[in-house]
Amino acid sequence: NGIAATRSLDVLIVGAGFGGLYQLHYLRKMGYKCKVVDNAGELGGIWYWNCYPGARVDSDIPLYEYSIEDLYKDWTWSERFPSWPELRRYFTYVDKKLDLSKDVELNTGVKAADFDIKRSRWNIHLSSGEVVDAKYFVLCTGFAAKIHIPDFKGMDNYKGIMHHTAKYPQDGIDLKGKKVCVIGTGASGVQTIQEVGPEVGHLTVLQRTPNLCLPMNQHKIDPAVEQRLKKEGDYERIFKYRRETFSGFDFDFSEKNGDDDTAEQKREFYKKLWAGGGFRFWLNTYKDLLFDKKVNDTAYEFWAEKTRARINDPKKKDILAPVLDKQPHTFGTKRPSLEQRYYEVYNQNNVNIIALKENPIDTFTEKGIKMKEGQELEFDVIILATGFDSVTGGLVQIDIKGTDVVTLADKWSKGTWTYLGMATANFPNMFFLYGPHGPTAFANGPTLVELQGDWIIDAIDYCEKNGKKTIDATTQSEAGWTKHVAELTDITLFPGTDSWYMGANIPGKPREALNYAGGIPRLGLDGRMKVMFR
Ligand code: NA7
């Protein structure tokens, strides 16, 4: 307050990924004056930052693209699960088609924002030093905007090359013949490991928790088949259907519970899901898999049997794919990654894995890492695939003050409060998407940002058409939604697992349900102009 803004906007949007560009396109089309700002140097959101070796999306096409403006018609993918360079090219294509860039300011972040109660407008402080005045403030920062680097002892001692996966150099690193270490085996770790394993001199993987990876079943796209499917209306059917399924894919949970099938039938069912690839084994399975431990165990056993058969060394087998009575967590309560040749990489002589629960990191040294058991490992390159302060971190790292004295970070310091996972009380005219209390963790990104995006666009348009100065969640409505999110999670198996879904990956972060376990249909957001507050 008190700082003169240099320009005035209807809407300032943060983030130039799928979510932010969708907001820009429609709000601009409706006549609102808006701009997108992003710290990145190019469009693409997560696909700008995540350019580590092997980075690719775990949703298959055409699910992982916009459904709007017939964009699909002139775009062809080369692979079922595209890699980051192809996703970047897709953003360049969308930019050209929708003429987005002229309203996107790159290399520009938001440092702080405060709501001016008298004028009912936001003062938004950009990293450039400029202050922008905007009526609405829409945060499309994604769930992984703040990286997490654990506080390992002696990290500053290390003199070699070290990068977090989401801060990997844009022009890459030559890893040929090098001694490389990857810490972390989440989605980023798995993709990095399977990509660099065959190329490096020696690879050491430091694993805390095994990832219950599923086969990606990657394949090349045949343009002739794609053309035919487009002509037959397949894409339009998928775009419509994906808005109706639990996680925004073109498949959904089965009508059956695990106990409806005999052991033999279960096996046949699992084999079919496995063969389909992608997340089918996770999200196309028995509808009680994420609720009933006994049923979940049958899926875990199937997974362990399939996976163990691919690993030669008995010790590596136990580290990567423990048997059921040593399972690290119930299946699917932490995000399984999709893999290609991940387990075979461990059969190479140049690839080693250390279970950190048995042999933790003692300290970083000048040349590498010293383990508790005494080994001093030397590395040319250390890749930190250690994840993010997921879901809330990207929002609270911005110093945001609403109508109350507390900042957003203060308000959520002991727990997150939202209404519908898109607004929080006392922060009027501010919305966020693909964040806390939405079905973010298992949703196909483009589906969710279009659905939530429509709701936000409708809310803004409704206020403008009806002369409203502010729109804010009430404390009762956010209490109701937050309770609903927690209660739904409590009847699932999710609370029993340490994961970013529960805020459990960051030391000191409140343990709570950050993800909406009701899935997309229960949000009831489908269709434009279905604004709930009317
Ligand atoms: P994730 O999935 O959060 O994975 C981070 C990994 O780093 C995971 O294996 C962690 O082990 C490991 N980690 C984190 N802290 C430590 C410490 N202190 N010591 C050792 N290992 C550690 O992040 P990703 O980038 O792979 O993927 C993020 C999302 O992007 C993913 O879910 C997809 O939606 C796409 P842990 O399992 O916590 O024991």
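Modeller: His 164 has Leu 384 as its bridge partner in strand 16. The model is a predicted one, in which local features need pLDDT of at least 70 and side-chain atom pairs count only at pLDDT 80 or more, while totals for chains, interfaces and linings use all residues. Residue numbers start from 1 along each chain, as its sequence is written. Strands and helices are DSSP runs numbered from the N terminus (strands: E, at least two residues; helices: H or I, at least four).

Strand 7 and strand 16 (residues 381–384) run parallel and are joined by four bridges; strands count as paired if DSSP finds at least two bridges between them. Both strands belong to an open sheet of five strands, ordered 7-16-8-9-12 with parallel pairing. Strand 7 (161–164) and strand 12 (351–355) are the edge strands; each has a single partner strand, so one side of each has no neighbour in the sheet. From one strand to the next, the twist averages 15 degrees.

Helix 4 packs on this sheet and touches strand 8 (179–183), strand 9 (202–207) and strand 16. Contact here means that the C-beta atoms of two residues, placed from the backbone, lie within 7 Å. The direction of helix 4 makes about 160 degrees with that of strand 8. Such angles are taken between N-to-C directions and run from 0 to 180 degrees, with axes as lines fitted to C-alpha atoms, for helices over the stretch in contact.

Helix 4 is mostly covered, with 10 of its 10 residues buried. A residue is buried if 20 or more other C-beta atoms lie within 10 Å of its own, exposed if 12 or fewer do, and partly exposed in between, with C-beta atoms placed from the backbone. The buried residues include Ala 187, Val 190, Ile 193 and Val 196, and also Gln 191, Gln 194 and Glu 195. The buried residues of helix 4 pack against strand 8, strand 9 and strand 16, and also against strand 11 (338–339) and helix 11 (342–345).

The shell has 20 residues, and the closest are Pro 150, Gly 184, Gly 186, Arg 208 and Gly 387. By type, the shell holds eight nonpolar, 10 polar and two charged residues. In this count Ala, Val, Leu, Ile, Met, Phe, Trp, Tyr, Cys and Pro are nonpolar, Asp, Glu, Lys and Arg are charged, and the others, Gly among them, are polar.

UniProt, in an unreviewed entry, lists residues 10–233 as "domain: FAD/NAD(P)-binding". Its positions follow the numbering used here, feature names are shortened, and annotations may be inferred rather than shown by experiment. Over residues 10–233 the chain is 22% helix and 22% strand, and the end C-alpha atoms are 37 Å apart.

There is also an open sheet of three strands, in the order 13-14-15 with antiparallel pairing. Strand 13 (361–364) and strand 15 (376–378) are its edges, each with a single partner strand, so one side of each is left without a neighbour in the sheet. Here the twist averages 25 degrees from one strand to the next. Strand 14 (residues 368–371) pairs with strand 15 over three bridges, and Lys 370 stands opposite Glu 376.

Technical notes: Near = placed C-beta within 6 Å.
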